Each structure stands twice: as C-alpha cells, then as structure tokens.
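I set out to record what I looked up in this structure, entry by entry.

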Amino acid sequence: MSSVEPLKARRLYLLLRDRILSGDAGPDSRLPSEPALAVEYGISRVTVRRALDELAREGLIERKPGSGTFVSSKAASVPVVADFSNVLTHLVEMGRRTAVRLLSFGYLAPTATLAEELKLEPGERVQRSVRVRLIDGAPFSYLVTHVPERIGISYSEADLASTPLLELLERSGLVAERARQTIGAALAGPEVAGALDLEIGAALLSMTRIVYEPSGRGIEHLQALYRPDRYSLNMDLLRTGADGARRWAPVEGSRAMEAPLVTNQKRRPKRVAPQRRTAR
C-alpha cells in the first residue's frame with residue numbers, strides 16, 4: 001500500500017478489517033466484488049486490490065477463483081485468560097501456550113534507569129534478550145527483557161528460546177514475590193514494525209513490568225509492545241460506595257483477560273482499565 005493511493009487503500013483496509021473483527025462480516029460470508037467496492041467507496045480497482053491483498057496476507061479473507069472473496073473460516077484459538085490476583089502464574093501459562101522467536105541475546109552494561117529499577121550493584125551487568133511471541137504463527141508481542149547477569153548465567157540462550165523466562169528464574173531457586181506494571185501506548189518503529197508484521201508508526205499497546213524477589217531486588221525488567229488487534233486487557237468492575245461517593249472498583253476475585261487474540265475471531269467490546277499495578 002505504498003505507491004498507489006496509499007491513504008485510500010489503507011482506509012478501505014481498516015473499514016473491511018473492522019467489519020470482519022466486529023463480526024458484521026461473519027466467517028465464510030462473501031465480500032462485495034472488487035468493482036462493487038470501487039464504486040461504493042469511489043476508488044480505483046487497483047486500490048481495492050491493495051486493501052484486499054493486505055487482508056489476505058493477515059489471513060482475514062480467502063480468495064476463491066470463480067467464486068469471490070470470503071471471510072476466513074479458520075478456527076479461532078481460545079484466548080489466554082488471566083486472574084489479576086495471580087498475574088505471575090499467568091505469565092508462565094501464556095509462555096507455554098504461545099510460540100516464541102528469539103531475535104537477540106547477550107550481556108551489556110545497564111542504563112542508569114535500569115540499574116536503579118532493578119536495584120543492581122555498582123558495575124553489575126545485565127542479560128538482554130529480544131523475543132517475539134506468536135499465536136497460531138502470527139506475531140502479537142515484541143519483548144525486550146533485562147535480567148541481572150548473576151541470574152542470567154543460570155540458563156542458556158537455547159533455554160530462553162524454548163522455556164518461559166519466569167519458569168527459568170524459578171527453576172534457578174528464585175521467588176517472584178511481586179511485580180510493578182505500567183500500561184500505556186506507543187508507535188511501532190522500523191525494527192518493531194518488521195517483527196510484528198506492521199507498518200511503521202502503527203499504534204501499539206505498551207507495558208513495562210518489573211518483577212521483584214522477597215529481598216526487594218529486581219529479577220526481571222520487561223518492556224513489551226503488543227499489537228492491539230491481537231491482544232487485549234480487560235477487567236470486570238463493580239459500582240461501589242455510598243450515594244455521592246460512588247466509584248468503579250475491580251470485582252473481588254474477578255478474572256481479567258490479558259489475551260492474544262485471533263484476528264478472525266469475533267470480539268466482545270473491551271473494558272479497559274486505564275492503568276493497573278499489581279499489589280505491592
């Protein structure tokens with residue numbers, strides 16, 4: 001979508017994609033023909049074809065010669081559901097249910113901010129790894145992890161490529177007692193966009209998580225970027241308090257979804273908490 005009417009092609013792609021993801025165009029339903037779409041949106045057939053090419057590349061539609069273009073009927077995967085009261089267990093569970101691609105692995109000196117957040121000793125190095133997580137072969141998260149060198153040397157590059165990091169840490173005798181997590185938004189730079197199969201500048205969910213052991217020292221610093229079309233954060237809320245001072249509060253024992261999504265799955269409206277930190 002970079003040489004012929006890129007903005008119009010992008011607009012049609014987003015319109016059709018939203019129609020599919022919302023369920024308005026259900027699995028196996030037939031989309032209008034290229035000429036019909038060109039007339040409906042006042043664009044050229046070349047532009048329509050570029051938008052459809054992008055949808056096909058993402059697996060949202062299937063082209064059947066002589067029959068037309070149809071919404072994909074591929075089976076949807078079950079999302080990973082996280083209980084916010086046990087978020088660290090969820091991290092290991094998701095690590096087992098999704099695939100990972102290790103992009104880089106090595107040791108280096110930390111930045112001043114990183115050293116402070118992990119409470120490192122002077123001169124202590126960190127292990128840095130970059131991974132991409134996938135569900136059904138489609139990338140949904142870009143993960144940059146820093147672990148103190150004294151901890152990182154307990155497992156190998158091959159271990160990290162096949163086993164959830166928190167499982168490796170606990171296998172080394174460490175105890176993940178608590179974590180601090182911050183959620184925001186970011187734009188995809190060239191490297192991240194390439195890894196997540198997105199255009200440069202695409203909007204992403206951003207999450208920073210620092211995991212601590214009982215002594216208060218950090219054992220993991222994670223910076224994660226998620227495709228919002230394949231990942232969601234939901235929480236059940238309850239209206240509480242007396243008249244005049246009512247507010248929204250998390251439902252006790254509620255289950256919050258922190259889930260990779262399948263692109264052709266019909267999704268429910270999101271209930272997104274603006275920011276959440278684990279109990280400290």
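The entries below run from the overall make-up to single residues.

**Basis.** I worked from a predicted model, in which local features need pLDDT of at least 70 and side-chain atom pairs count only at pLDDT 80 or more, while totals for chains, interfaces and linings use all residues. Residues are numbered from 1 along each chain as its sequence is written, and side-chain values use heavy atoms, with hydrogens and water left out.

**Overall make-up.** I noted 9 helices and 13 strands in the protein; these are DSSP runs numbered from the N terminus, helices being H or I of at least four residues and strands E of at least two. Of the 280 residues, 44% count as buried. I took buried as under 20% relative accessible area, exposed as over 50% and partly exposed as in between, with a 1.4 Å probe and protein chains only. I then looked up contacts, meaning heavy atoms within 4.5 Å. Among those between residues at least 6 apart in sequence, 64% join residues at least 24 apart.

**The open sheet.** In what order do the strands of the open sheet lie? I read 6 strands in the order β4-β5-β6-β9-β8-β7, with antiparallel pairing; two strands pair if DSSP finds at least two bridges between them. The edge strands are β4 (99-108) and β7 (178-187), each of which pairs on one side only. From one strand to the next the twist averages 15°.

- β4 and β5 run antiparallel and are joined by 9 bridges; Leu-108 stands opposite Val-126 in β5.
- β5 and β6 also run antiparallel, with 10 bridges; Val-126 stands opposite Pro-148 in β6.
- β6 (138-148) and β9 (218-226) are antiparallel and joined by 6 bridges; His-146 stands opposite His-221 in β9.

I also checked the cover of β5: 9 of its 10 residues are buried. The hairpin of β5 and β6 has 2 residues between the strands, and Asp-136 takes a positive phi near 55° there.

**Helices α2 and α3.** At what angle do α2 and α3 pack? I found about 110° between α2 (residues 34-41) and α3 (residues 45-57), with their axes 9 Å apart. The axes are lines fitted to C-alpha atoms over the stretch in contact, and angles run from 0 to 180 degrees between N-to-C directions. α2 is therefore roughly perpendicular to α3, a term that covers 65 to 115 degrees. The contact is made by Glu-34, Pro-35, Leu-37 and Ala-38 of α2 and by Arg-45, Val-48, Arg-49 and Leu-52 of α3. I recorded these residues as 5 nonpolar, no polar and 3 charged; Ala, Val, Leu, Ile, Met, Phe, Trp, Tyr, Cys and Pro count as nonpolar, Asp, Glu, Lys and Arg as charged, and the others, Gly among them, as polar.

**Positive phi in loops.** Most residues other than glycine have a negative phi. I noted Lys-119, which is not a glycine, at a positive phi of about 55°. Lys-119 sits in the loop between α5 (112-118) and β5 (126-135) and is partly exposed at 44% relative accessible area. Asp-197, likewise not a glycine, has a positive phi of about 60°. Its place is the loop between α9 (190-195) and β8 (203-212), and Asp-197 is partly exposed at 34%.

**Thr-163.** Is Thr-163 buried or exposed? I found Thr-163 buried, with a relative accessible area of 13%. Thr-163 lies in the loop between α7 (157-160) and α8 (165-171). Leaving aside neighbours within four places in sequence, Thr-163 is in contact with Leu-168 and Arg-171.

Technical notes:
Parallel < 35°, antiparallel > 145°, perpendicular 65-115°, else oblique.
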